[in-house]
Amino acid sequence: MKPFSFSVKGEVNFGAGSLNELPAKISARNLKKVLLVSDPYLEKIGLVKKAGDLLAEKEIAYITFTEVEANPSAETVARGASIFVENNVDGIVCLGGGSPIDVAKAVAVVGTNGGKIEDYAGFNRVGKPVAPIIAVPTTAGTGSEVTSVAVIKNSDNFKMPIGSDKILPECVLLDPLLITTLPSSVAAATGMDALTHAVEAYLSLEATPFSDIIAEKAISLIGANIRLFVANRTNLEAASAMLLGSTFAGMAFALSRLGNVHALSHPLSGHFGVPHGVANALLFPVVLEFNALADSGKYEKIYRLITGEKACPGNFQPKMLVDEIRRLNAEIGLPQKLSALGITEGSLSLLVPDAMKSNLLLYNPRQTTQKDVEQLYLNAM
Ligand SMILES: [Fe+2]
C-alpha cells in the first residue's frame with residue numbers, strides 16, 4: 001500500500017429545504033455583501049429570486065451575476081470579478097451546476113488577488129486567501145462544491161484547470177428539492193458525469209483506501225438511482241441519493257483525481273460546446289474498454305456496485321461493465337457516438353493536442369500515448 005494523507009475541509013449540510021439556511025450561513029461568517037452567482041436558466045425559473053428573497057428577508061446585502069454560460073469563459077470570469085470589486089463584495093454564494101460554481105471560484109480568485117484568471121491556470125498559483133464561497137448545487141452533478149478546482153475556457157477554447165486549496169467552498173448546502181425541477185436530459189448527463197467521477201477516482205493511480213470507500217458509496221448510490229431519477233425527478237428519495245452520490249463522487253476525485261474520460265472530454269466541450277456530462281457519458285465506455293487491460297479486480301466491484309448484484313457467477317469479464325455503461329447511456333437517452341453530434345475524424349487535429357495537455361492522463365490506470373488518445377476519439381466516433 002502506498003503512503004497517503006487524508007483531510008476533509010469545509011462544511012456540508014444536507015437536507016430537503018436546506019436552501020433556507022443560506023442567510024444563517026452568511027451571517028455566521030459576518031459577510032457584509034455577497035455576490036450571488038448563477039445562470040440565466042435558474043434566473044428564468046425563479047430560483048435566483050427565491051435565494052435573493054431569502055437574503056433580503058434577513059437584510060443581507062447582495063448583488064447578482066447570472067451571466068454564466070455552459071463551459072464558462074475567462075471573459076465571463078473577468079466580468080464577474082469587475083462586479084465583485086466595484087461592489088466591495090466580501091463573499092460569494094453560487095447557485096447552480098458546475099459552471100456557476102466554477103465561475104464563483106474563479107471570480108473569488110481574481111476579485112481578491114487581481115489580474116486575470118489565466119494568471120492562475122495550473123495548480124497552487126493563488127497567493128492570497130480568497131473571499132469565502134458558499135455553494136448550493138442545483139445538479140447531481142458536478143461535485144465542484146467539494147473540490148479545489150475550477151475549469152475555465154481560455155481564448156483558445158482550452159479548458160484550463162485552476163487548482164488551489166484556497167478555492168474550496170467553505171460551506172455547502174445540499175438541498176435535493178432544488179434538483180427536482182431539472183429537465184430529464186440534464187439529469188441524465190449530469191448523473192453520468194457524477195458516475196464518471198466516482199469510477200475514474202476509483203480506478204485512478206492515486207486512489208487510496210479513503211478515496212476508494214467514498215467512491216464505492218458514490219457508485220452504489222448513483223447506480224441504484226440514476227434510472228429512477230431520470231424517469232422522475234420529483235422522486236425525492238432518488239433525488240437525495242443522486243445529490244449525495246454526486247457529492248461523494250466529488251470528494252473521491254478531489255482526493256484521487258480523474259483520468260482519460262475527463263482528459264478527452266474537456267476538448268469536446270471547449271471546441272464544440274458538447275455539454276460536459278454528455279461528453280463524459282459518451283467517452284466513458286470507450287475508456288473503460290481501453291483501461292480493461294490494467295484492471296486488477298476493481299471492474300467487477302464497480303459492476304456489482306452499479307447493478308446491485310451481490311456476486312458474479314465466477315465468469316466476470318470487463319466487457320460486462322463496458323456493456324452495462326453503454327446500456328445505461330442508451331436507456332437514459334444519451335447520445336452513443338460523437339458522429340451523432342457532428343464530430344468526425346477531421347476534428348482530431350483540434351482535440352488531440354488539447355487532450356495531451358491534460359495532466360489527468362497521468363492518473364489514468366493504463367499509460368496513454370498520443371496514438372492511444374487518437375484511437376480513443378476514433379472509437380467514440
Ligand atoms: Fe466532470
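A cavity is a set of grid points where a 1.4 Å probe fits but cannot get out. In this predicted model, 2 cavities of 30 Å³ or more are present. The largest cavity has a volume of about 70 Å³. Its lining comprises 14 residues. Glu 200, Leu 203, Val 287, Asn 291 and Asn 364 lie nearest the centre of this cavity. Helices α6, α9 (260-272) and α10 each supply at least two lining residues. The most comes from α10, with 4 residues.

An open pocket was also examined. The second largest pocket has a volume of about 180 Å³. Its lining includes the run Tyr 202, Leu 203, Ser 204 and Leu 205. Asn 291, Ala 294, Asp 295, Ser 296, Gly 297, Lys 298, Tyr 299 and Pro 365 also line this pocket. Two or more lining residues come from each of α6 and α11 (298-307).

Ser 204 counts as buried because its relative accessibility is 6%, under the 20% cut-off. Beyond residues up to four places away in sequence, Ser 204 touches Ser 256, Arg 257, Leu 258 and Tyr 363.

The iron ion is held by four protein donors: Asp 193 (OD), His 197 (NE2), His 262 (NE2) and His 276 (NE2). These donors lie 2.1 to 2.2 Å from the ion. Along the chain they follow the spacing D-x3-H-x64-H-x13-H. Distant parts of the chain are linked here: His 197 belongs to helix α6 (residues 184-203) and His 276 to helix α10 (residues 276-291), 79 residues apart. The angles among the 4 donor atoms run from 83 to 168°. The site is therefore irregular, since a tetrahedral site needs all angles between 85 and 135 degrees. His 197 is buried, because its relative accessible area is 2%.

A separate region holds an open sheet of 3 strands. The strand order is β5-β8-β7, and the pairing is mixed. The edge strands are β5 (122-123) and β7 (149-153), each pairing on one side only. Strand β5 and strand β8 (residues 159-163) run parallel and are joined by 2 bridges. Within β8, Gly 163 stands opposite Phe 123.

Two further loop positions were examined. Ser 144 sits in the loop between β6 (133-137) and β7. Ser 144 is buried, because its relative accessible area is 3%. Its contacts, apart from residues up to four places away in sequence, are Ile 101, Asp 102, Lys 105, Val 149 and Pro 169. Leu 177 occupies the loop between β9 (171-174) and α6. Leu 177 is partly exposed, because its relative accessible area is 43%, which falls between the 20% and 50% cut-offs. Leu 177 touches Ala 16, Gly 17 and Leu 236, again not counting residues up to four places away in sequence. Leu 177 and Pro 72 are 105 residues apart in sequence. In space they are 25 Å apart, C-alpha to C-alpha.

Technical notes. Residues are numbered from 1 along each chain as its sequence is written. This is a predicted model: local features need pLDDT of at least 70, side-chain atom pairs count only at pLDDT 80 or more; totals for chains, interfaces and linings use all residues. Side-chain values use heavy atoms; hydrogens and water are left out. Donors are N, O and S atoms within 2.8 Å of the metal (3.2 Å for Na, K and Ca); water is not among the atoms, so sites may look incomplete. Four donors count as tetrahedral if all angles lie between 85 and 135 degrees; four count as square planar and six as octahedral if opposite donors are over 155 degrees apart and all others between 65 and 115; anything else is irregular. Buried means under 20% relative accessible area, exposed over 50%, partly exposed in between (1.4 Å probe, protein chains only). Contact means heavy atoms within 4.5 Å. Two strands pair if DSSP finds at least two bridges between them. On a 1 Å grid over the protein atoms alone, a cavity is a set of points where a 1.4 Å probe fits but cannot get out, and a pocket is an open set with protein on both sides within 12 Å along at least five of seven lines; lining residues have an atom within 4 Å of a point. Grid points are joined across faces, edges and corners, and a volume is the space filled by probe spheres set on the points.
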